[in-house]
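The entries follow the order in which I checked things.

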Amino acid sequence: MRPSATAFSEMPTGKAYIGWWGNMGSPAQKGIYQYSQSSYKQRAFAGAFRGYLFNGYKRLASQAPYFALPFAAGYGVYVWANHTAEYLESKAGHHHEGGGH
């Protein structure tokens with residue numbers, strides 16, 4: 001049985017698609033097609049805002065119960081807590097709780 005050949009870390013041999021470390025002396029590339037369009041004809045955002053007026057509103061309206069109701073509940077708790085804290089720190093609040101200053 002013959003042992004396998006030792007692998008050396010060196011430049012590739014034979015047909016290499018692209019040269020070694022920037023040496024572009026390889027055969028010409030075949031089968032690669034590149035298409036382009038004039039920059040005057042490209043309209044990446046054509047109709048984006050007009051389409052968002054209807055579709056975006058419909059999407060936001062369908063998701064509103066999932067973010068609007070929890071936000072409203074949290075804001076209500078925040079307002080109630082601030083109002084209660086202001087009352088309890090006032091003279092009337094101290095008198096109502098039985099504390100005196």
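These entries go from the helix as a whole to the rings on its surface.

Entry one. I noted at the start that this is a predicted model. I then looked up helix α1, which covers residues 48-88, and compared its span with that of a straight helix of 41 residues, which would reach 60 Å at 1.5 Å a residue, whereas α1 spans only 53 Å between its end C-alpha atoms.

Entry two. Where does α1 bend? I found a bend of about 55 degrees at A64, and a proline, P65, follows within four residues.

I looked for aromatic pairs and found that the structure holds 2 of them. The ring centres of F71 and Y75 are 6.5 Å apart and their planes lie at 15 degrees, which is under 30 degrees, so I wrote this pair down as stacked. Both residues lie in helix α1, 4 residues apart, about one turn of the helix, and both are exposed.

Entry four. I reminded myself that an α-helix has 3.6 residues a turn, so residues three or four places apart point the same way.

Ring pairs link F71, Y75 and Y78 into a cluster. Together with V79, these residues form a nonpolar patch on the surface, with about 480 Å² of accessible area in total.

Definitions and conventions:
Residues are numbered from 1 along each chain as its sequence is written. This is a predicted model: local features need pLDDT of at least 70, side-chain atom pairs count only at pLDDT 80 or more; totals for chains, interfaces and linings use all residues. Side-chain values use heavy atoms; hydrogens and water are left out. Patches are made of residues with over 30% relative accessible area and no salt bridge: like charges are joined within 9 Å, nonpolar side chains (Val, Leu, Ile, Met, Phe, Trp, Tyr) within 5 Å. Accessible areas come from the Shrake-Rupley method with a 1.4 Å probe; for residues, only the protein chains shown count as cover. A salt bridge is a side-chain nitrogen of Lys or Arg within 4 Å of a carboxyl oxygen of Asp or Glu. Helices (H or I, at least four residues) and strands (E, at least two) are DSSP runs, numbered from the N terminus. Rings of Phe, Tyr and Trp (its six-membered ring) pair if their centres lie within 6.5 Å; planes under 30 degrees apart count as stacked, over 60 as edge-to-face and the rest as tilted. Buried means under 20% relative accessible area, exposed over 50%, partly exposed in between (1.4 Å probe, protein chains only). The expected span of a helix is 1.5 Å times one less than its number of residues. The bend at a residue is the angle between axes fitted to the seven residues ending there and the seven starting there.
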